[in-house]
Amino acid sequence: METEHHEFKNNIKETGFGFTLSLIGGKYKMTVLYALYISNNPIRYNQLKRMLGDISFKTLTNTLKELENDQLINRKEYPQVPPKVEYSLTEKGLSLIPVLDAICYWGEEQLEK
């Protein structure tokens, strides 16, 4: 299988690979993105936390803020009491799903071996 290598500069962080990792690197970012994708609808904070399992409130909050700052997710706040906030993928976030799917397929192949 022939692979295409992208031009490597002096610093891997200055490549497309480095940029992509800066967006999805971290313990929970890919998991949050994939959870939002499979939910197929906007999802509330507590529902997302239940889907992810063992993640602290602080870590989830920070992860969501980072993903929102990187324009990968939308945060929609409804003016009501108690507050209601929903999260969903942006177009940019959706464009990462094929990358996450490829990682998923690779993992499934490795599990079968």
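Author: The buried residues of α4 are covered by elements that include α1 (16-24), α2 (29-39), α3 (45-52), β2 (73-78) and β3 (84-89). Helices (H or I, at least four residues) and strands (E, at least two) are DSSP runs, numbered from the N terminus. This is a predicted model, in which local features need pLDDT of at least 70 and side-chain atom pairs count only at pLDDT 80 or more, while totals for chains, interfaces and linings use all residues. Residues are numbered from 1 along each chain as its sequence is written, and side-chain values use heavy atoms, with hydrogens and water left out. Contact means heavy atoms within 4.5 Å.

Helix α4 itself takes in residues 57-69, 13 residues in total. From its first C-alpha to its last it reaches 18 Å, close to the 18 Å expected at 1.5 Å a residue; the expected span is 1.5 Å times one less than the number of residues. Its buried residues are Leu 60, Thr 63, Leu 64 and Leu 67. Seen down the helix axis, these buried residues fall within an arc of 100 degrees, so they line one face of α4. The arc is that of the directions from the helix axis to the C-beta atoms. Lys 58 and Asn 69, on the other side of α4, are exposed. Buried means under 20% relative accessible area, exposed over 50%, and partly exposed in between (1.4 Å probe, protein chains only).

After α4 comes Gln 71, with a positive phi near 65 degrees. In the chain as a whole, six helices and three strands are present, and buried residues make up 28% of the 113 residues.
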